[in-house]
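This briefing is intended as a guide to reading a structural model by topic. Please keep the sequence and the structure in view while working through the points.

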Amino acid sequence: MVDYIFRVGGEGGEGVISTGEMLTLALARAGFEIYTFRTYPAEIKGGHASYQVRASGSLLLSQGAAVDVLVAFNEEAYQKHIQDVRPGGVVIYDADSFSPPAYDSTICYGVPLTSLATEQVGIKLTKNIVALGVLAGLFDLPVATFEELLKERFGRKGETVVQKNLLALRVGIEHAKQVKRRDAIRLGAGPRKTKELVLSGNESLALGAIAAGCRFYAGYPITPATDIMEFLAKELPKVGGCVIQTEDEIAAVGAVLGASFAGKKAMTATSGPGFSVMTEMVGLAVAAELPAVIVDVQRVGPSTGMPTKTEQGDLYLACYGGHGNCPRIVMALNNVEDCFYGIMQAFNLAEQFQMPVVVLSDQYLGHRKATVPVPDPSRVPVIERRKPQGEELVGYKRYRFTPDHISPMAIPGMEGGGYVAEGLEHDEGGYPAASNHENHLRLTRKRYGKFVEVEAIANDLVRVHGEPHPEIGIIGWGSTEGVIREAVQMATAQGYSVGALHPKILYPQPLAKLREFMQGTKAVIIPEVNFTGQFATLLRKRFTVDFIQLNKCIGLPFTPKEIFDKIEEVAADVHGGRRAHAAAL
Amino acid sequence: MSTAVGELTPQHYKTDEHPIWCPGCGDFGVLASLYNALAGLQVNPKDLVVVSGIGCSGRTPGFIKSYGFHSVHGRVLPVALGVKVANPALEVIAVGGDGDGFAIGGGHIPHAARRNPDLIYIVMDNSTYGLTKGQYSPTSPAGFQAGSTPYGNIEQPLNPIAMLIAYGASFVGQGYSGKPKELADLITRAMQHKGFAFLNVISPCITFYNTYKVIPPRLAEIPKDHDVADRAKAFALALQTDRVALGVFYQESRPTFEEGVAQVMQKAQAASPPRLDEIFAEFS
């Protein structure tokens, strides 16, 4: 089974990213599953850039472990990445730039990329296309796909540019024939025959928002969420929607709430620093019972933190940010495909329960690309908010008490529906009741009462991988799902009794499913990409279980091996009689 | 825009809720003028949205029979923008005080002004924070003595009219709550204006900063021959702060934000059919 990891590294601006992107698309079109991993500097110009793509004949769950093929445009790239290349892996380096040490345990092919580009193509900038040609030639990648991609990518720049790039590709392919081969990596065509899309998490999320009926977006640029706004700025007007780049993040959610009040499905997306200042509006949406979707593509915090690096550090803020008793729904997205369906579910929850839904993604998920089957929006039937009808508009009460705590919501323009959306505590009719003590309790109960139904949905949305009743349980959230799943597969293959539960809704928590899953476990591991174990802390409030935390806090995602190692360690403790938690479930 | 529905009198726009304002508050005059302007234009209450921030004036939506949105402190303009863009057929009136607008919400004003959404923004300017019992506000005079300035205000007041002209508001006017007839006319002109119409309305706080005696002698009419299209002259007029000139300082006609949004949609739809599967095809 084909399963290879390619990594390209070099100076920012040398075409590293475009090389990676074209390689990714070519591999996807050739019928492979792909999974990219991007790490890049926070600076715009210069600095080191790299792009990694894993290609396989079967479903990919993680970025993988060791690199099989490294393309190093300069010595820095070589030095930075060589320790990630597996022994016997291939290094293709620009021989015009540097030479790797002779004792290297990898197979090194020196290719004079710069001189091939300058002398045979006549344009130094085409050296990354020459490199693509070398990759295609060496590893038997479909040349026609690359040619097609170059025509698409450079078509707008005119025929001369296209021809030069096609020439650069051929130069690379020809050069590859002269290389004395010492490796056995050959890809050919992949097994998948059906067409799939190549989407980043952010793109998939934006598409899902359109499918869910989002027609209003307001936001403020922030890494790593900006591309959601840029995507929607291009696509949303096509379906009659609009995007506003507001003066700050508070204005963004303010406009979203205004639009939602006026009847539109509305969303904003940001990252931690933006979400921090948005919290006053979360409270307003809760008090006024307005549907709204707020996406937080998490990055390393606190404060400005590490803008281009990943972390799962905003869970507390998502669940508890804001003053007062302030119930909102918090969801986390698990993988690129799930970004599409997950955001559709987020809109449904917001509309159904008339409350803000905070959706957590992260840099790792938002910026990586993967092959996904063409999305089928009909898999998530779209829900619209409950509106008053007929009799309900006579003596209309916006916040009328109902058995399920959801009141029909009038939209401006409806005869008889006039009301004031209130941030002040109010009565059923929406009239301010800031000194009515008993009323405050009734309204608070109404707002929290919606959680009964939300929790039932949360229980339906959990996913379990591996054994449903394992000896060693793993509970994860968000973008770690694939990595955990791969680790569970590794551990199961070694004979361990392991299973993983991954809730989609984190607040309120799917308590019944969590309880059921943990029953009979001897140990429960909670891996999180943060320092203190934020989800573990939330669960400790609900379960007296001695959770074992596995925390990573270096701005990078877990690898399956790291989780597998923890499973082994915990299993050794369990079997050595050093651990057997008596869970009070 | 607003639909005519037979004969609506000012009384039609009153709700059962009695204003919480102190007797003699300037905001009563502003509210009465609003009722009159709305009746004059026969605005259908079902198509009217009154948006506010926090402060005494922030309670206004509850007193007008319409849809309302009592948002949070300083955020009236972003919320009003969202309402208007979501449904351009609605008549949107944003209201607030000088603290709400010029202090905590000051960052939103330039952007509302330059975007030019077709809504009106009335600031009930009493130069104090009435709801928190009389601290100095961005329009309080230097020397103003109150709870947070026991030794006198050491700051310069800002000039709302000059500021809004500088920011590019397409309609800038000033009114006084003690002259409700003139104010109703001014509100009417603002509502008839296509674009972002800003009205600074001097609306005294009878409890914490009673200016009922000092304002009237300073009142002046904007000269009859003032050319409202002349931005430089409007600005010069705004800088004459020894008097409080009432009327329209500046007005220009330019495309609204909603018109721009509609144009973007047309451009986007001309380039590609509005279908999700067509959008999917861009990513394969």
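How many residues of chain A are in contact with chain B, and how many of chain B with chain A? The contact involves 49 residues of chain A and 41 residues of chain B. The model is a predicted one.

**Where the chains meet**

- Seen from chain A, the elements that each supply at least two residues to the side touching chain B include the strands β7 (196–200), β8 (216–219), β9 (242–245) and β15 (420–422). The helices α7 (201–212), α9 (249–261) and α10 (272–288) of chain A do likewise.
- Helix α9(A) provides the largest share of this side, namely 9 residues.
- By residue class, the side of chain A that touches chain B comprises 31 nonpolar, 8 polar and 10 charged residues.
- The chains are also linked by strand pairing: β15(A) runs parallel to strand β2 (residues 67–70) of chain B, with 3 bridges between them. Within this pairing, Glu422(A) has His70(B) as its bridge partner.

**The sheet of chain A**

- In general, the strands of a sheet pair through backbone hydrogen bonds, in either a parallel or an antiparallel arrangement.
- In chain A, 7 strands make up an open sheet with mixed pairing, in the order β9-β8-β10-β11-β13-β12-β19.
- At the edges stand β9 and β19 (505–507) of chain A, each of which pairs on one side only.
- From one strand to the next, the twist averages 25°.
- Helix α8 (residues 226–235) of chain A packs on the sheet and touches β8, β9, β10 (266–270) and β11 (292–298) of chain A. The direction of α8 makes about 135° with that of β9(A).
- Strand β12 (residues 329–332) of chain A and β19(A) run antiparallel and are joined by 2 bridges. Here Val330(A) has Tyr507(A) as its bridge partner.

- Why is strand β13 (residues 356–362) of chain A described as largely enclosed by the rest of the structure? The reason is that 7 of the 7 residues of this strand are buried.
- Burial applies to both faces of β13(A). One side carries Pro356(A), Val358(A), Leu360(A) and Asp362(A), while the other carries Val357(A), Val359(A) and Ser361(A).
- On the β11 side, β11(A) and β13(A) are parallel and share 7 bridges. Gln298(A) is bridged to Asp362(A) in this pair.
- On the β12 side, β12(A) and β13(A) are likewise parallel, with 4 bridges. Ala332(A) is bridged to Leu360(A) in this pair.
- Between β12(A) and β13(A), the chain passes through helix α12 (residues 336–353) of chain A, giving a right-handed β-α-β crossover.

**Domains of the two chains**

- Chain A is divided into domain 1 (3–178), domain 2 (198–379), domain 3 (386–449) and domain 4 (462–575).
- The C-alpha centres of domain 3 and domain 4 of chain A are separated by 41 Å.
- Chain B is assigned domain 1 (10–253) and domain 2 (256–284). Their C-alpha centres lie 37 Å apart.
- The contact between the two domains of chain B takes 9 residues from domain 1 and 4 residues from domain 2. On the domain 1 side, the residues are 3 nonpolar, 2 polar and 4 charged.

Note on methods: Residues are numbered from 1 along each chain as its sequence is written. Chains are lettered from A and ligands numbered from 1 in the order in which they are written. This is a predicted model: local features need pLDDT of at least 70, side-chain atom pairs count only at pLDDT 80 or more; totals for chains, interfaces and linings use all residues. Domain bounds come from an automatic or database domain assignment. Two residues are in contact if their C-beta atoms, placed from the backbone, lie within 7 Å. Ala, Val, Leu, Ile, Met, Phe, Trp, Tyr, Cys and Pro count as nonpolar, Asp, Glu, Lys and Arg as charged, and the others, Gly among them, as polar. Two strands pair if DSSP finds at least two bridges between them. Axes are lines fitted to C-alpha atoms, for helices over the stretch in contact, and angles run from 0 to 180 degrees between N-to-C directions. A residue is buried if 20 or more other C-beta atoms lie within 10 Å of its own, exposed if 12 or fewer, and partly exposed in between; C-beta atoms are placed from the backbone. A crossover is right-handed if, with the strands pointing away from the viewer, the path from the first strand over the helix to the second runs clockwise.
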